[in-house]
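My notes follow, in the order I looked things up.

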Amino acid sequence: MNEQIRMRNNRAREAALAAIGRVALEPTDLVEYQSRGRVVIIGGAEALEFAPRLEPPLRAQVLLTAGEELPGVPVIPLAGRTLDITGHLGAFTLHLGEPGRPNAEVLTADLLLDLGAEPQLGMPMKPPGYLWSASDEPALSRALDQLRELVGTFDKPRYFGYDAAICAHGRSGQIACTRCIDACPAEAISSLIEQVTVDAHRCQGGGVCATVCPSGAIRYRYPRPADTLEQIRLLLRTYRQEGGSQAVLVFVAASDAEPPPLPANQIPLRIEELASVGLEVWLTALAYGAESVLLLDQGGMPAAVAQAVKQQITTAGEILAALGYPPHAIRLVGVADLVEAGATGRLGIEPANFAANGGKRQVAYMAIDHLFAQAARARPMASLTVGAPFGTAQVSADACTLCLACVGACPGKALLSGQDEPQLRFIEANCVQCGLCTRTCPEDAIWITPRLLFNREERSRVRLLHQEPPFCCTACGKPFATRSVIQNMLRKLEGHAMFQDGRARHRLTMCQDCRVVDIAQDPEAMDQGITGKWLQ
């Protein structure tokens, strides 16, 4: 009987893997490189000896880090100066800066060959066109072959898309979320204070930026998440239709070696990088009928990327545990643990068939809602560790003045103002736990807590966090502020020279229009020339 199940699962797996070829991937635009063969070789005597081996179209220049110059080789001595390298294939810039002096010598190159004992660039994923090589003959021969192949015009897909409008990186001069910057192994993402910028030429499609982004501001473009999820949906549906049982989805990085022979119910799916799929993809795969999801780590992930993936897996496990499912149904495993890991943790649910279109959070909620509807022992809420992209916000009524700075800073529109009266309202489903609200609040009156409400209506409900009766102008009666704002202003200006007399202080309780009228009727105020300040 077991052999019959194995054979049936094997046939079903073959049919499923063949079926995903029917999903047409939406194309993306291309990023172009142009390399004319200008090579800067960084090193000592080994660089001087290697340089003459480069023949046209390669043209060598040596940045000499140690040793004596040799005749016939273009050499620039580093001579104790600092070295800063920016750029990529076809457009490298090397700044040779003398400590304590603002001016620096600048070199440009299409290709860099670094023969130092340690690479000049320390990021795990080096920019295209940068080669770090040992100085033994086999390694130098390989480097020479690589340099020859990197002359000409090249292109690659633009792997990412970015929507600054929903980015949680910064608002009002405050920086909050830096997850994409911290995790990027190519150091291709940098801060512009209010948003981030991605160097498309240095980006190599690792995808961890899209995985850790809580709002979906950075998204993978090739393949699109919707295309990957459609492949998973079709793969698992075909596997079931062909008689397969207990499907385990195994993600394998395209650059890694072929996995060892897998049990017949384990279905490998090649993706660009392991970190290019995250929480919403894993949970959707479970909703589509995978009994568990495994990420096969063959040692190729940089430490920061692996840490980011593990954080996502922790959050996924906490959600599954609160739903009453095995928390280890999503796991990062090595080759040695692959078979055993696939034999543990079954969900046993009715598979979903929704099309996973929409933004990152919308897809995640569709999967969570399906898993919740199928759960027999779900708790109403999952308590999550710090770093999770779901959560709530709370406000201290004694401290909040309803200045609404937090509303203007919130990238997900989780915080809202009142419609006709002073209020601070909140939609938990929209909160990405970025912390911009806590950083922009001048009174330190708001704080956030990671959690996930499973009831969709409760999660999406507009909740009142704080409200006050409006403060009405003491001259015309028009509401224009809150009582706490006026009291706070009066307290802060109590010792100010311009507000020592009673009329000037009383003016603070008026709306803007009435203030201007009162100033115009006050000879003392006019003599002080403060009208312009009130009108600004």
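**Entry 1: a charged pair around E18**

I began with Glu 258 and Arg 270, which form a salt bridge with their closest N and O atoms 3.2 Å apart. I looked up where the two sit: Glu 258 is in the loop between E17 and E18, while Arg 270 belongs to strand E18, so the pair links distant parts of the chain, 12 residues apart. A reminder to myself before going on: this is a predicted model.

Next I checked how open each partner is. Glu 258 is exposed at 62% relative accessible area, because the cut-off for exposed is over 50%. Arg 270 comes out at 33%, so I put it down as partly exposed.

**Entry 2: the sheet that E18 belongs to**

Which strands make up this sheet, and in what order? I found an open sheet of 4 strands, ordered E18-E17-E19-E20, with parallel pairing. The edges are strand E18 (266-271) and strand E20 (330-333), and each of them pairs on one side only. From one strand to the next, the twist averages 25 degrees.

I then went to the E20 end. Strand E19 (residues 292-296) runs parallel to E20, and 4 bridges join the two.

Helix H6 (residues 225-241) lies across strand E17 (248-253) and E18, and runs at about 160 degrees to E18. I checked its length against expectation: at 1.5 Å a residue, its 17 residues should span 24 Å, and the end C-alpha atoms are 24 Å apart, so the two agree.

Is H6 mostly covered or mostly open? Mostly covered: 12 of its 17 residues are buried. Among them are Leu 229, Ile 232, Leu 234, Leu 235 and Leu 236, but I also noted Asp 227 and Arg 233 in the buried set. What do the buried residues pack against? They pack against helix H1 (2-19), E17, E18, helix H7 (279-287) and helix H10 (360-374).

Past the helix, I stopped at Gly 243, which follows H6 and has a positive phi near 95 degrees.

**Entry 3: the antiparallel sheet**

I moved on to another sheet, an open one of 3 strands in the order E23-E24-E26, with antiparallel pairing. Why do I call E23 and E26 edge strands? Strand E23 (415-417) and strand E26 (462-467) each have a single partner strand, so one side of each is left without a neighbour in the sheet. Neighbouring strands here are turned by 30 degrees against each other on average, direction ignored.

Between strand E24 (residues 423-427) and E26 I noted 5 bridges, with the two strands running antiparallel. Leu 424 stands opposite His 466 in E26.

How many salt bridges does the structure hold? I have 21 in the notebook.

Arg 461 has a relative accessible area of 38%, so it is partly exposed. Glu 458 is at 31%, so it also goes down as partly exposed.

Then I looked at Asp 518 and Arg 507, whose side chains meet in a salt bridge at 2.9 Å, N to O. This pair links distant parts of the chain: Asp 518 is in helix H16 (residues 512-520) and Arg 507 in helix H15 (residues 502-507), 11 residues apart. Are these two buried or exposed? Both Asp 518 and Arg 507 are buried.

**Entry 4: the chain overall**

Last, I stepped back to the whole protein chain. I have 18 helices and 28 strands in it. A compact globule of 536 residues would have a radius of gyration near 24 Å, but this chain has 30 Å. Its C-alpha atoms fill a box of roughly 90 × 80 × 35 Å along the principal axes.

Buried residues make up 50% of the 536. I also looked at contacts between residues at least 6 apart in sequence, and 63% of them join residues at least 24 apart.

Conventions
Residues are numbered from 1 along each chain as its sequence is written. This is a predicted model: local features need pLDDT of at least 70, side-chain atom pairs count only at pLDDT 80 or more; totals for chains, interfaces and linings use all residues. Side-chain values use heavy atoms; hydrogens and water are left out. Two strands pair if DSSP finds at least two bridges between them. Axes are lines fitted to C-alpha atoms, for helices over the stretch in contact, and angles run from 0 to 180 degrees between N-to-C directions. Contact means heavy atoms within 4.5 Å. A salt bridge is a side-chain nitrogen of Lys or Arg within 4 Å of a carboxyl oxygen of Asp or Glu. Buried means under 20% relative accessible area, exposed over 50%, partly exposed in between (1.4 Å probe, protein chains only). The expected span of a helix is 1.5 Å times one less than its number of residues. The radius of gyration is taken over C-alpha atoms; the globule rule is 2.2 Å times the number of residues to the power 0.38.
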